[in-house]
Amino acid sequence: MSSDPTSLAGKEFPLRGRFATVVVGAGEAGITAALAAAEAGQSVLLVDEHPLDPGLMGMDIPWLFGGRLDAAVQNQARMEERIVAARPGLEAAMSAGVEVALGTSAWGGFLRSASSRALAGPMLGLADRRSAWLVGFERIVVATGARDVVVPLPGWTLPGVMGARGFDAALRLYGAFAGQRIAVLGGGVLAAGVAAAARAAGIGIAAEICAAAPLRIEGAVEVEGIAWQEGGAWRQAACDTVVMAIDTVPNLELPDLLGCPIRWDPARGGFVPEAMPGVQVVGDAAGTAPMARAGWMAAALAEPHAVVCACEEVLAGDLRALRPPRYLGAEGPEAGLAALGPLNQDQVKRLTRAGMGACQGRRCRDAVHALVSAERVAPHASHRAPLRPLPLSVLAALEEDPALRANWTGWFGIAAQWLPHWEPVPEHPEFIGGRLTAEDAGK
Amino acid sequence: MIVIVGGGVTGLSTAFWLSRQGHPVTVVEKGILGWEASGRNGGGCTHPYSPLFREEQRLWPMMDEMLGHPTEWRPFRIKVALDEGQLDRLWKSTRLATDQGFAAEALDRAQLRELCPWVGPAAIGGIFWRYGGHANPQRTSQAYAWAVERQGGRILQHTTVTGLRLAGGRAVAVETSAGEIGCDAVVLAAGPHTAQLAERFGHRIPVAPARAEIMVTEPLPLLAHGGIDGNGLYGRQTLRGNLAYGGGPHEWLDLDGDATPRAVNTPVVASLARRLAEMFPGAAHARVIRSWGGIIENTPDGRPILDRLTDPDNVVVATMSSVGFGLSPASGRAIAQLVAQGACDFADLSQLKAARFGNLPLDWRARQGWEALPL
């Protein structure tokens, strides 16, 4: 049997360490899992993306920060101290022998599967602000918590509109909340928690709006206030920040990438991941409080001008019309969304670009899902690597097998594929189409 | 009724041309239209080694109007070389087109940097192809489908073809998960599944499935000509401004019964980023926001099979051997002619018959090193 030198077979992915257990996310659930594994005598790596690259914060990743963190977040060393102080369990984990990597994001999870047989074993892609690397693992514990749900209310794209998780991180994790006076949206425990934390920190509360109502966030270049309807009359309040504490959802991007089954379970927040061999999901990433956003979403999405996808400027009306992006200046099919048959969010994404932007769909994924699920619950939109938008230069720093580079080819390296197809294929004793030479393959 | 098995770009284009001429067509797709490699490739429309090249070049400028929906097609390609070897090889492939009367010009580093500010001092020069182009794969696949429906054709998604019913040397019905569809002719354009389906009526169409990967960055300011690539990568700047590039190692796979294997990514994505940053150091700050995979099929010699069989004599087999998107306007028209008139009148398809693999050893995949690794 011959081998195909340009295929992935036989190529290696150099690892920077191997661990019995890696834990992604150093919140309470992650620290508990890491400690338990270390106490059982395992080699454990615990990674957490905080302190975040301020560039990611500016893109509302992983939470809706709304530009309301002050310049303190630029000081990485100080932020690292704050995070250790805010999470006392980290010190205990380190003492127990857990290797802790802060400021390290998990951008890819790669398992051997029927579609990726050439991989030697499970790998996790990690990155800091300078470079990317891989570690090997036997078992992974995903403790990536929950993500803010954005309801596309009028004015939500103004700086100063935050999510509950973003607000909590700004206030308690980073100590860098830049606002003075907030309005809180949402009627559940989440909103009550935001209000209580704000009061404890001496932050003014301009309004607490518990139920979905006609509402607009006001401001010229950033949030200046909020107006909402109550008992038939419009009320107004001045504030510099609006905290959308309507709902959160399990942050299941890594389990999805790893191939865990994903199930729709509104009692646990919406889409939830299931465990699979070698992959455990703990804490909020496995399920959050029952879904509380439906009424808010329905009201917001009824407005055709609602900005659903801010990165790609896709309005609710554009989605319903299945309108191509504005730069094409074209209309969608006459039937709109109905032209597609059973709706799939990934397909709608590719046609309208909703969810295709630099925030990787974090801010619109739940709203688009609600919109395309009017008749039946659409399947969840896929997550793809890199799970954080990493600069080319950071990914480019990943160590590469010299054999992969030496045998690189643009497309399969079959010599006859690139010769005129109106002429017969030259005879080759072994490879029917002939192999490109290593030199020729490089084109 | 002409039944087209496979709602990829080749089958959809075939249905477009047939329904345009008034033939009744039904496209049967096991999943979502254009969902596999058809909707997620590099978008290139430049294939000078194909007998369909001239027709490809003639048709693309007309496709938006004919289809009634934008394909995002844009003309021209720019090739970048980082060393003399790359430049020599670029000229070799350029001559395939210039020998057919198409024009190309050498670019020095300064001219290259004027066309693309991200190229660095490592670029020694390039070539401007006054031919070829690029388009949006998903939008194009969907545009064919909507045009088919507008022309009276029928499209069935989420419907799996299980076999053909033959009688008197002809296919008389296509058997599907939703029942039988009576037919006068069949086009088998099922990508990696073509071999499996052909085997069920006794024909050997040798193709091997493989997985390939692409990555894409956040949008950058628009270049005047987005079809720029090199350094072992194929790809383009999309009309939105994203840099979408693929290349590098593929992986040979097996089908998962009637299902197409999952198109997962591997750390090869980082190698794509590395080569893009080498070619465009001025864009190395751009953030990679997504990657994806695609499952394609190759014949043993990497060339298409476009062939009307003799028994059953009303079945056309069509696989483009991993290079189907860009050629689709022309391949669909050629296949439509094979169906309707038995031969293609605008291109020489004589070398693309299935019979060339008549003596193919049974273990051809193993001999070529194209077998899926054991799981």
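Two strands count as paired if DSSP finds at least two bridges between them. Helices (H or I, at least four residues) and strands (E, at least two) are DSSP runs, numbered from the N terminus. This is a predicted model: local features need pLDDT of at least 70, side-chain atom pairs count only at pLDDT 80 or more, and totals for chains, interfaces and linings use all residues. Residues are numbered from 1 along each chain as its sequence is written, with chains lettered from A and ligands numbered from 1 in the order in which they are written.

**Sheet in chain B**
- Six strands of chain B make an open, mixed sheet, ordered 6-2-1-10-18-17.
- Strand 6 (154-156) and strand 17 (305-308) of chain B each have a single partner strand, so one side of each lacks a neighbour in the sheet.
- Strand 2 (residues 25-28) of chain B runs parallel to strand 6 of chain B, joined by three bridges.
- B:Thr26 has B:Arg154 of strand 6 as its bridge partner.

**Nonpolar core**
- A nonpolar core is a set of buried Ala, Val, Leu, Ile, Met, Phe, Trp, Tyr and Cys residues joined through C-beta atoms within 7 Å.
- Buried means that 20 or more other C-beta atoms lie within 10 Å of a residue's own, with C-beta atoms placed from the backbone.
- The largest core has 262 residues, and A:Val308 and B:Val5 have the most contacts inside it.
- Helix 7 (residues 268-279) of chain B gives the largest share of this core, eight residues.

Methods. A residue is buried if 20 or more other C-beta atoms lie within 10 Å of its own, exposed if 12 or fewer, and partly exposed in between; C-beta atoms are placed from the backbone.
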